[in-house]
Amino acid sequence: KYTSFEELPIWQKARTLSKFVFELTLEEPFNKDFRFRDQIRSSAGSIADNIAEGFERSGNKEFIQFLYIAKGSCGEARSQAYRAFDNNYLNQETLDALLQSTLEISCEIAGLIKYLKSSEYKDQNTDNSIQNSEFKIQNCPTKPNLSYSKFQIQNSRLNPINKIKQS
């Protein structure tokens, strides 16, 4: 049984992601875009923070609520990774690493939520009853299949800039 959030592999992965994002945002030109830099740092950090806060609550019900928030922050960080790539703050390799990490963490959060919902202690205000195990669901992607080049985005029929040029 886990006795602290620091023991959770999912929190450790989220902490690593937060550190990785922080280090990326120290580089130019990312570090000059203060608002966006702070926004992506916040969303990446929020993943680990919400896992920790939920674990420290009085039972699985509240923990699940915070895990959903952490999962949302994971999606936010993934979306911001695309924006950073589109603004030439990240290269394709770094984007792929961020996508892979956020997809894995999101999937593992979903697995943990599923586990907690089926736990015999799910509605009780007892200490969290998480057993030492991995929390993955069967269909977790092992590789992101979501890489989009700038060329694809710029030449998309859905690109509003292209629609203006055609008018």
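This is a predicted model: local features need pLDDT of at least 70, side-chain atom pairs count only at pLDDT 80 or more; totals for chains, interfaces and linings use all residues.
View 1. Leaving aside residues up to four places away in sequence, T25 is in contact (heavy atoms within 4.5 Å) with F30, N31, R37, I40 and R41. T25 lies in the loop between helix 1 (9–24) and helix 2 (34–56), where helices are DSSP runs of H or I with at least four residues, numbered from the N terminus. The side chains of T25 and R41 are joined by a polar contact of 2.7 Å, a term for a pair of N or O atoms within 3.5 Å in which, within protein, one must be able to donate a hydrogen and the other to accept it, residues adjacent in sequence counting only if both atoms are side-chain atoms. T25 has 1% relative accessibility and therefore counts as buried (buried is under 20% relative accessible area, exposed over 50%, partly exposed in between, with a 1.4 Å probe and protein chains only).

**View 2. The salt bridge between E108 and K13.** The closest N and O atoms of this pair are 2.6 Å apart, a salt bridge being a side-chain nitrogen of Lys or Arg within 4 Å of a carboxyl oxygen of Asp or Glu. E108 in helix 4 and K13 in helix 1 are 95 residues apart. E108 is buried at 4%, whereas K13 is partly exposed at 29%.

**View 3. The network of salt bridges linking E53, R57 and E62.** R57 and E62 meet through their side chains at 3.2 Å, N to O.

Residues are numbered from 1 along each chain as its sequence is written. Local features need pLDDT of at least 70 and side-chain atom pairs pLDDT 80 or more, while totals for chains, interfaces and linings use all residues, and side-chain values use heavy atoms, without hydrogens and water.

Methods
Helices (H or I, at least four residues) and strands (E, at least two) are DSSP runs, numbered from the N terminus.
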